[in-house]
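Welcome, and thanks for taking a look at this one. Here is a short briefing to read alongside the sequence and the structure.

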Amino acid sequence: MANKVVIENGFVRYLFRGGIGLNKKLLIVDDQTGIRILLTEVFNAEGYTTFQASNGRLALEIVKKEAPDLVLLDMKIPGMDGLDILRHIKQMDESIKVIMMTAYGELDMIKETTELGVLEHFTKPFDIDELRIAVNNQFLAPNERRFG
Ligand SMILES: [Mg+2]
């Protein structure tokens, strides 16, 4: 039975809660409030403890204080951009998993972020369910992973 997120009448609805995220901390970094709210709802429902940051300064403060297991990081953020934030995160703790959210036209940066250890890149607008599965898979053994 697969976990499913459906969007009905503008509301996000969760079917079959997974609980994969139990005891895992997830930091969501995006300057867009709507995306932070959506991702927070989706990953709270999966059992993750979530933190939100709208800018790099706040993101690094949370990394220092909370040591998240995984960071969902927007590439395009005013001020310190996603690439700078990524460099700082990896300097602070190389073991923190990072998944990037990029926009069309940022392909040139992907080589650099991959070299810095980014696990996956999702191009906006992405399928929220694919992102949810990708995050959960990071905490599952290879034989338990789902791909859709
Ligand atoms: Mg942005």
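This is a predicted model: local features need pLDDT of at least 70, side-chain atom pairs count only at pLDDT 80 or more; totals for chains, interfaces and linings use all residues.

**Overall layout**

**Burial and contacts across the chain**

- The protein chain has 148 residues, and 29% of them count as buried.
- Among contacts with a separation of 6 or more, 59% are between residues 24 or more positions apart.

**The largest nonpolar core**

- The largest nonpolar core holds 25 residues, and those touching the most other members are Leu-27, Val-29, Val-71, Leu-72 and Leu-73.
- Two or more residues of this core come from each of the strands β3 (25-29), β4 (49-53), β5 (70-74) and β6 (97-102), and likewise from each of the helices α1 (33-45), α2 (56-66) and α3 (82-92).
- As background, nonpolar side chains in soluble globular proteins tend to be buried together.
- Which residues does Leu-72 touch, leaving aside those up to four places away in sequence? They are Leu-26, Ile-28, Val-29, Leu-39, Ile-99 and Met-101.

**Asp-81, between β5 and α3**

- You will find Asp-81 in the loop that links β5 to α3.
- Not counting residues up to four places away in sequence, Asp-81 touches Met-75 and Lys-76.
- Gly-56 lies 25 residues from Asp-81 along the chain, and the C-alpha atoms of the two are separated by 7.1 Å.

**Backbone points to check**

- For context, most residues other than glycine have a negative phi, and most peptide bonds are trans.
- Ala-67 has a positive phi, near 45°, and is a residue other than glycine.
- The loop between α2 and β5 is where Ala-67 sits.
- Ala-67 counts as partly exposed because it has 13 C-beta neighbours inside 10 Å, and the cut-off for exposed is 12 or fewer.
- Where is Pro-125 found? Pro-125 belongs to the loop between β7 (120-123) and α5 (128-137).
- The peptide bond joining Lys-124 and Pro-125 is cis, with omega at about -5°.

Methods: Residues are numbered from 1 along each chain as its sequence is written. A nonpolar core is a set of buried Ala, Val, Leu, Ile, Met, Phe, Trp, Tyr and Cys residues joined through C-beta atoms within 7 Å. A residue is buried if 20 or more other C-beta atoms lie within 10 Å of its own, exposed if 12 or fewer, and partly exposed in between; C-beta atoms are placed from the backbone. Helices (H or I, at least four residues) and strands (E, at least two) are DSSP runs, numbered from the N terminus. Two residues are in contact if their C-beta atoms, placed from the backbone, lie within 7 Å.
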